[in-house]
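Reader: I would like to go through this structure with a few direct questions. Please show it before we start.

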Amino acid sequence: MSKRLRIGAVIYDPRVKLIWDIVKEFFDGNGYPVDYVLYSNYELQVDALCEGHIEIAWNSPLAWLDLERRTAGTCRAVAMRDTDRDRVTHLLVRRDGGIESVADLRGKTVSTGAYDSPQAHLLPLHLLRQHDLVPGDDVAIHRHDVMTGLHGDHVGGELDALKDVQRGETDACTVLDLNWDRWTADGTADPAVLRPLVSTGKFDHCNFSVLADFPKDEEERWSGLLLAMSYEIPRHREMMDLEGLTAWLPGRTTGYRDLAEAVDETGFFSQDTATSSEVSQ
Amino acid sequence: MSPDQAEPAAERRRRNLSVDADPAGYTWTIRGSSAGGEVTRLHVGRNSFSAGPAISFRPDEPLPSAIDYLLGALTAEMVSNLIGCMRERAVDFDDVECRIAGQIEDPLASIGVVGARGNPAMRAITGTVYVSSDADDDVLKDAWSAALRRSSVYCTLQRCVSLSIEMRVAP
């Protein structure tokens, strides 16, 4: 591979560009020159990867499934963050709300993040279906479609959902475990007021994706370098803190089953976003 | 020296100044070059200075970006012209400070994000010039108005961006 390898990433905040400046600086300094291309949404990025405009895409889990669909499962996940593995989403309720089980949500309203957020909408609704509750029919869904196209990267929708429950406007909300930990630590959420009612099964999040024709030896070389980045090195830590990890790990695809089921249940890639019985803010 | 002898000298002086007979035709020129990195070396007259990237969102950027220089040019002009106008009015002052802030319409467009649909132009520039002086307020306001009227960067930007800069007398 003689040309500079191009990595695609989706950003909504220009300050995040610094992450990719540091990644580029690292690879260039280790004899593997790369460039990055920034996209405003995941659909454009998956298009770009499929059309050969980039060689590696930093994909959300939903973008990964989209890529799998478009490549008949031949694509590969070559790396991911330590924090991308084994996440869960909590369904949070008020301690004084009288809701003691998932079944108690029947007839209630659940606030969620954006329609294309795996963690704050697709997976928790999948959880409801697993408990024989049909979203929109058995349980009203109050969705916050903040910055769609970013697959929930922007936590605005999730935060808005949390605030609905805090104000007592809805009965439950969907929050990623990492966000729950952060918001209880910084005072955004009070665990004396809210508690997790139930959590989804474990799922994986983002990965660096490549097409089938990406050379295996390049994959080994590139991912080997990436995994050599260390949280102990200040410049790497600066990037890792921005991107939310402490280590890069090999890619795996065993953690997308529930999301794949959720996507199949809803026909996500073949229908419009909102169902008639969901309310979008 | 007779008028006939003086005229050639005057002609020689005009040629040596290399200024067009029409002052409006004066042209400022600046040259910039780069060997491929993110540093542009700029040369104007006898001065040389360096600029970093066209735009940066990093607080620790080693060199001013083009946007920094744009806002810096306005800031320098505000300070310089206000001082000039106060001196013309024999106004005593201790200090002049100017703070300028600018916003871009679509920052993602300014860094070339594929799919960004907005405009990378400046959306708004605001600022305040603080002057420490015991002079009469009316005199200071007169000096400030005069400074704005003669400020080329200010008047140029005023034509194309929401621009609001006020003067305040610091205690």
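Reader: How many cavities of 30 Å³ or more does the structure hold?
Author: This is a predicted model, and the cavity search was run on its protein atoms alone. With a threshold of 30 Å³ or more, the number of cavities held by the structure is 1.

Reader: How much space lies in the largest cavity?
Author: The lining of the largest cavity includes Gly113(A), Ala114(A), Ser117(A) and His154(A). By class, the lining residues divide into 4 nonpolar, 5 polar and 1 charged. The space in the largest cavity is about 40 Å³.

Reader: Which residues of helix α5 of chain A are buried, and which of the cavity lining residues are among them?
Author: Helix α5 of chain A spans residues 156-166, and its buried residues are Gly156(A), Gly157(A), Glu158(A), Ala161(A), Leu162(A), Asp164(A) and Val165(A). Just after α5(A), Gly168(A) takes a positive phi of about 80 degrees. Lining the largest cavity are, from this helix, Gly157(A) and Glu158(A).

Reader: Is Val10(A) buried or exposed?
Author: Val10(A) sits in strand β1 (residues 5-10) of chain A. Beyond four places in sequence, Val10(A) touches Tyr39(A), Ser40(A), Asn41(A), Tyr42(A), Gln45(A) and Leu150(A). Because its relative accessible area is 11% and the cut-off is under 20%, Val10(A) counts as buried.

Reader: What separation do the C-alpha atoms of Val10(A) and Gly149(A) have?
Author: Along the chain, Val10(A) and Gly149(A) are 139 residues apart. Their C-alpha atoms are separated by 9.6 Å.

Reader: Which residues touch the most other members of the largest nonpolar core?
Author: In soluble globular proteins, nonpolar side chains tend to be buried together. Here the largest nonpolar core has 63 residues, and apart from it lies another core of 28 residues, among them Trp64(A) and Leu122(A). Trp222(A) has contacts beyond four places in sequence that include Leu5(A), Phe27(A), Ile56(A) and Phe208(A). The residues that touch the most other members of the largest core are Trp20(A), Phe208(A), Trp222(A) and Leu82(B).

Reader: What do the buried residues of helix α2 of chain B pack against?
Author: Helix α2 of chain B (residues 66-88) has 23 residues and reaches 33 Å from its first C-alpha to its last, close to the 33 Å expected. Its buried residues include Leu71(B), Met78(B), Leu82(B) and Met86(B). Just after the helix, Ala90(B) takes a positive phi of about 55 degrees. In chain B, the buried residues of α2(B) pack against β4 (95-104), β5 (122-132), α4 (137-149), α5 (152-158) and β6 (162-170).

Note on methods. Residues are numbered from 1 along each chain as its sequence is written. Chains are lettered from A and ligands numbered from 1 in the order in which they are written. This is a predicted model: local features need pLDDT of at least 70, side-chain atom pairs count only at pLDDT 80 or more; totals for chains, interfaces and linings use all residues. Side-chain values use heavy atoms; hydrogens and water are left out. Helices (H or I, at least four residues) and strands (E, at least two) are DSSP runs, numbered from the N terminus. The expected span of a helix is 1.5 Å times one less than its number of residues. Buried means under 20% relative accessible area, exposed over 50%, partly exposed in between (1.4 Å probe, protein chains only). Contact means heavy atoms within 4.5 Å. A nonpolar core is a set of buried Ala, Val, Leu, Ile, Met, Phe, Trp, Tyr and Cys residues joined through side-chain atoms within 4.5 Å. On a 1 Å grid over the protein atoms alone, a cavity is a set of points where a 1.4 Å probe fits but cannot get out, and a pocket is an open set with protein on both sides within 12 Å along at least five of seven lines; lining residues have an atom within 4 Å of a point. Grid points are joined across faces, edges and corners, and a volume is the space filled by probe spheres set on the points. Ala, Val, Leu, Ile, Met, Phe, Trp, Tyr, Cys and Pro count as nonpolar, Asp, Glu, Lys and Arg as charged, and the others, Gly among them, as polar.
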